[in-house]
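I opened this model to look up a few local features. My entries follow in the order I made them.

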Amino acid sequence: KKVLKSKTGPTGGFVLAVPPDKLSILRVVSAVDNFPGSQFSGCLMGFKECDDRKPCLLHDAWLAAKNQMHHLLADSTIADLALKSQRFGTGKRKRVTLSKSMRSLFT
């Protein structure tokens with residue numbers, strides 16, 4: 001399911017396809033990044049063979065940290081971020097233009 005909806009034309013742009021309080025940060029990150037295939041998914045020490053049966057020295061600690069990060073991103077929503085962002089200034093909102101490659105992720 002898409003994260004954004006787009007509308008073309010001079011008054012067009014992007015809007016969330018999901019209510020902000022239902023849209024997890026993990027879903028957004030997964031939409032723009034290959035999160036399961038990212039640097040956070042492999043062995044911290046770079047070993048190709050590192051799993052529960054053949055762990056490296058940092059395997060258990062790294063697994064715990066990855067699980068914590070996954071849960072934090074899954075349990076936090078865009079609405080949560082919006083509430084926190086109010087602490088960082090009240091300047092005029094700017095319209096953001098995405099590159100063609102970024103737009104293709106959402107359309």
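The model is predicted: local features need pLDDT of at least 70 and side-chain atom pairs 80 or more, while totals for chains, interfaces and linings use all residues. Numbering starts from 1 along each chain as its sequence is written, and side-chain values use heavy atoms, without hydrogens and water.

I placed Phe47 in the loop between helix H1 (25–32) and helix H2 (59–75). Helices (H or I, at least four residues) and strands (E, at least two) are DSSP runs, numbered from the N terminus. Phe47 has 45% relative accessibility, so I list it as partly exposed; the classes are buried under 20%, exposed over 50% and partly exposed in between (1.4 Å probe, protein chains only).

**Cysteines**

I searched the whole structure for disulfides and got zero, the criterion being a pair of cysteine sulfur atoms within 2.5 Å. Cys43 is buried at 17% relative accessible area, and Cys50 is buried at 18%.

**Salt bridge**

I counted one salt bridge, using a side-chain nitrogen of Lys or Arg within 4 Å of a carboxyl oxygen of Asp or Glu. The side chains of Glu49 and Lys54 meet in a salt bridge, 3.4 Å from N to O. Glu49 is exposed at 58% relative accessible area, and Lys54 is exposed at 54%.

I found strand S1 (residues 4–7) running antiparallel to S2, with four bridges between them; pairing requires at least two DSSP bridges. Lys5 has Val15 in S2 as its bridge partner. The hairpin of S1 and S2 has five residues between the strands, and Gly9 takes a positive phi near 105° there.

I noted Pro19 in the loop between strand S2 (13–16) and H1. Pro19 is partly exposed, with a relative accessible area of 44%. Pro19 and Val3 are 16 residues apart in sequence, and their C-alpha atoms are 9.7 Å apart in space.
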